[in-house]
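Q: I would like a close look at one part of this protein. Please keep the answer brisk and connected.
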Amino acid sequence: MADHPGCCRSCATCLLCLYSCQWITAKKEKRKGLRTTKCDYSWFLFLFCVFLFTLVWLYFAIIILNDFHNFNEFIFKQRKLWLDWSLLLLIATAVLITYSAVLLVLALCLQLCGQPLKLHWLHKTLLILTALVVAAAFIGLGIKWAEEWRSARVSLQATGPFLHIGIVGGMTLLAWPLASFIYRTHNTGLKVFLLLVYCTVMIALYLAPLGITSPCIMEENQLPPKPALVGHRGAPMLAPENTLMSLYKAVDCDVQVFETDVMVSADGVPFLMHDEELTRTTNVQAVFPERAALNSTAFNWTDLQQLNAGSWFLERRPFPTVQSLSAGDRYQVTEQRIPSLEQALEAAKQSNISIMFDLRPENHSDYQSFVNATLEVILQSGIPLQQVLWLPDGFREQVKQQAPGIQQVYGRKRLQNEKDPLLHVNLPYQDMSSEEIRQYRQDNISVNLYVVNQPWLFSVLWCSGVSSVTTNACQVLKEMKHPIWLLPSSTYLMIWIVVDCTSFLAILWAFLLLK
């Protein structure tokens with residue numbers, strides 16, 4: 001096979017060596033008889049599909065970073081092992097996408113240089129393993145973390161316009177090796193098939209913006225107010241969750257609501273704790289090793305006060321931000337104890353922020369006594385009742401009767417012909433579409449969505465008109481003065497036309513130049 005005029009022999013030799021894992025010199029007589037067979041083209045197609053597969057997984061991996069702390073907590077509950085698994089996910093994904101991308105670039109360069117595509121068996125094996133690993137990752141995601149598929153749909157509202165531009169650009173670049181192959185092959189049927197597939201894909205891409213919707217395609221003067229921030233267990237990236245330090249750090253981030261979880265001790269004292277066991281966020285294994293596996297409610301308040309609720313934060317580093325804490329903050333972390341609900345209410349009252357909480361565990365046999373104890377503390381605290389947001393569904397009617405001033409927040413959507421219309425809802429961000437958020441806003445229903453950590457997601461919900469978001473990253477979202485992007489529809493239309501026309505001209509040039 002003759003060398004392409006634009007490729008030097010040394011370059012062709014290097015490309016063949018890397019792709020075929022064997023040193024084949026660029027002299028014609030050494031390569032006489034080497035031709036790209038149908039099997040070789042099949043492997044090239046498989047390589048292209050694996051690259052696209054890993055590219056899609058990379059997109060998913062970036063999207064699910066918003067919720068990955070939940071996965072870390074899940075693994076800890078199952079294995080009692082804390083690790084930031086997001087780092088392993090990103091490293092593994094980067095290795096897979098880099099490997100398949102390098103092979104694909106080598107193949108395309110070989111095609112442009114007119115060289116045979118003889119993929120080595122080792123690369124074939126590794127490509128199959130790559131496809132199997134990514135497939136297993138997708139299957140695991142679907143089984144254990146199915147809500148992330150809905151997260152991906154939400155993400156397309158933020159990335160759709162830019163994905164369109166990137167895919168059009170990639171397919172436009174693909175026109176060069178495609179044109180080179182078509183002009184070299186003598187198989188008319190294959191030529192027609194490839195051209196039809198390529199043209200169909202490009203036409204679909206050119207028309208894709210007709211189906212792309214995003215709440216951030218709007219005029220500047222239509223942008224709703226910035227959503228209020230709700231501190232998820234306080235400011236858990238800056239201080240140990242569900243501690244007074246975390247509450248005050250959240251106040252520094254301008255949050256309007258401190259979101260927490262309440263349990264009741266064996267002697268009837270409501271306190272702040274998320275997990276049913278104390279092992280993740282206290283040193284209970286060191287202080288009470290024989291009782292470490294017990295439910296948090298099995299401990300009396302005197303025992304709970306002996307536990308340190310901050311040292312784990314420095315040891316396990318649940319977020320990368322822990323490394324940047326000042327010496328003063330580190331010392332304060334080590335002094336944290338489990339706060340009672342009474343202490344949290346006093347801190348919220350002094351800081352003039354609201355407090356929203358769940359009462360756990362909901363299936364406890366003494367749950368009604370938990371409700372009574374919690375209500376008693378609230379009523380005795382002196383906090384204005386409108387600053388208390390009540391999430392638990394159990395005995396809600398009793399709460400309404402004893403403390404009618406407390407704001408009732410529901411973890412569901414409104415029902416048709418509902419007797420008492422909802423005023424506040426608290427839902428996962430995957431559960432509400434942009435259209436529903438706008439409708440609730442028009443009906444004066446406050447919508448809080450959780451847990452929102454990434455700026456891209458906050459931007460989409462901001463453009464949609466959500467009232468507030470619960471976040472771990474209040475220090476990041478506080479600094480956002482504007483959504484990441486906002487495009488008037490006329491500007492987006494102009495970009496669409498320019499991108500499509502430029503792509504069409506570049507493809508036409510490629511086919512004419514290589515003819």
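How many residues of domain 1 are in contact with how many residues of domain 2?

A: This is a predicted model, in which local features need pLDDT of at least 70, side-chain atom pairs count only at pLDDT 80 or more, and totals for chains, interfaces and linings use all residues. Residues are numbered from 1 along each chain as its sequence is written, and side-chain values use heavy atoms, with hydrogens and water left out.

At the interface, 21 residues of domain 1 are in contact with 23 residues of domain 2. Contact means heavy atoms within 4.5 Å. Domain 1 covers 9–24 + 35–214 + 492–514, and domain 2 covers 228–486. These bounds come from an automatic or database domain assignment. The C-alpha centres of the two domains lie 41 Å apart.

Together the domains bury about 2,100 Å², with 56% of it on carbon and sulfur atoms. Buried area is the accessible area (1.4 Å probe) that two parts lose on being put together, summed over both.

Four salt bridges are counted between domain 1 and domain 2. A salt bridge puts a side-chain nitrogen of Lys or Arg within 4 Å of a carboxyl oxygen of Asp or Glu. Aspartate 431 forms a salt bridge with arginine 150; their closest N and O atoms are 2.4 Å apart.

On the side of domain 1 that touches domain 2, α3 (68–79) and α6 (147–184) are the elements that give two or more residues. α6 gives the most, with ten residues. Helices here are DSSP runs (H or I, at least four residues), numbered from the N terminus.
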